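Biologist: I would like to learn how to read a model like this one. Where should I begin?

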Amino acid sequence: GDTCPAVRGGRTPHVLAAIHDAPKTLAALVAAWPGAERRADSRGRTAMHYAATFGSRRAYRALLEMGMDDSDRDATGVSPAEILVRKAPPMPRPARDWEEERRGAAGEARWDYAAVMEHTSLRYVKKTMAARRVREIARERQCSWKGCGKFLFDAKRCKVCKAAFYCNATCQRHDWEEGGHSLVCKRPHWDKDMHEKGCTAYDEYKATPY
């Protein structure tokens, strides 16, 4: 008789065998508890519904051979046959020319699609990084004079230290006299002849502000 134990949700061991696509286990369970494979759970689904849901085709075929009907509907009105149609894998598409294995005219090394795509991706990354670097170099600068602080793309660079940027000569003069730039401004590589002549950074600044 139908005395098969049920687990959570009213599912029988037949359901677990159908989920794991184990037709031999399913046949043994049917022999032990005849008719239990037709028992529905709390959602109205039988073992065949779960076999169709999980793509267990061997278990599905075994249940059909046992006499189960794949047109039985669950609580939502869906049959195992309809579920199986939805779960069917798509038809494989024909391989494109550039996906096929190829050899050269003289039988040289095979054209490796994966290697070509990896090289293409690497070139794209290099170009992307180069473009990002250009944008970083060309980014807008901020005026070094604290009384101004404006951002602009055509900022003038201090010709001595090449580390400070200014809107115009007025901002540069204010930063030199009031902002303390005269204390930190120095040429990165001091010219020997200028040092011998005693030329200071401010002397050069007065001669060539930019």
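Modeller: Begin with the elements. Helices here are DSSP runs of H or I with at least four residues, strands are runs of E with at least two, and both are numbered from the N terminus. Keep in mind that this is a predicted model.

Biologist: Where does A155 sit in that scheme?

Modeller: A155 is in the loop between β2 (151–152) and β3 (156–157).

Biologist: Is A155 buried or exposed?

Modeller: Buried means under 20% relative accessible area. A155 has 17% relative accessibility, so it counts as buried.

Biologist: Which residues is A155 in contact with, leaving aside neighbours within four places in sequence?

Modeller: R141, F165 and Y166.

Biologist: Now zoom out. How many helices and strands does the chain have?

Modeller: The secondary structure comes to 10 helices and 4 strands. From the N terminus, the order is α-α-α-α-α-α-β-β-β-β-α-α-α-α.

Biologist: What share of the residues is buried?

Modeller: Of the chain's 210 residues, 26% count as buried. The accessible surface is about 14500 Å², and carbon and sulfur atoms hold 56% of that surface.

Biologist: What part of the contacts comes from residues 24 or more positions apart?

Modeller: Among contacts with a separation of 6 or more, such pairs account for 49%.

Biologist: How do I read one helix?

Modeller: An α-helix has 3.6 residues a turn, so residues three or four places apart point the same way. Now apply that to α2, residues 23–32. Its buried residues are L26, L29 and V30. Down the axis of α2 they fall within an arc of 100°, so they line one face of the helix.

Biologist: What do those buried residues of α2 pack against?

Modeller: Against α1 (13–19) and α4 (57–65). The face of α2 turned away from the buried side carries the exposed residues K24 and A31.

Biologist: Which residues of α7 are buried?

Modeller: In α7, residues 169–177, they are C171, Q172, D175 and W176. Their arc, seen down the axis of α7, is within 135°, so they line one face of that helix. Look at the start of α7 as well. There a side-chain oxygen of N168 comes to within 3.1 Å of the backbone nitrogen of T170.

Biologist: How should I think about a core?

Modeller: In soluble globular proteins, nonpolar side chains tend to be buried together. Here the largest nonpolar core has 17 residues. A51, Y60 and L63 have the most contacts inside that core. Two or more residues each come from α1, α2, α3 (47–53), α4 and α5 (80–87).

Biologist: Which element gives the largest share of this core?

Modeller: That is α3, with 5 residues.

Biologist: What is around Y60, beyond its neighbours within four places in sequence?

Modeller: Y60 is in contact with M48, A51, A52, D70, P80, A81 and L84.

Biologist: And charged pairs?

Modeller: Side chains of opposite charge can pair when their charged atoms come close. A search of the whole structure finds 4 salt bridges. One of them joins D41 and R11, at 3.8 Å from N to O. D41 is in the loop between α2 and α3 and R11 in the segment before α1, so the pair ties together parts 30 residues apart in sequence.

Biologist: Is D41 buried or exposed?

Modeller: D41 has 9% relative accessibility, so it counts as buried. R11, at 24%, counts as partly exposed.

Biologist: What does R45 pair with in a salt bridge?

Modeller: With D74, at 3.1 Å from N to O. R45 is in the loop between α2 and α3 and D74 in the loop between α4 and α5, 29 residues apart. R45 is buried at 15% relative accessible area. D74 is buried too, at 8%.

Biologist: Which residue forms a salt bridge with R73?

Modeller: E82 does, with the closest N and O atoms 3.0 Å apart. R73 is partly exposed, at 49% relative accessible area. E82 is partly exposed at 30%.

Definitions and conventions: Residues numbered from 1 in each chain as written. Predicted model: local features only at pLDDT ≥ 70, side-chain atom pairs only at ≥ 80, totals over all residues. Heavy atoms only, no water. Buried < 20%, exposed > 50% of the residue type's maximum accessible area, 1.4 Å probe, protein only. Arc of directions from axis to C-beta. Contact = heavy atoms within 4.5 Å. Polar contact = N/O pair within 3.5 Å; in protein donor to acceptor, adjacent residues only side chain to side chain. Core = buried A, V, L, I, M, F, W, Y, C linked by side-chain atoms within 4.5 Å. Salt bridge = Lys/Arg side-chain N within 4 Å of Asp/Glu carboxyl O. Areas by Shrake-Rupley, 256 points an atom, 1.4 Å probe, with all protein chains shown as cover.
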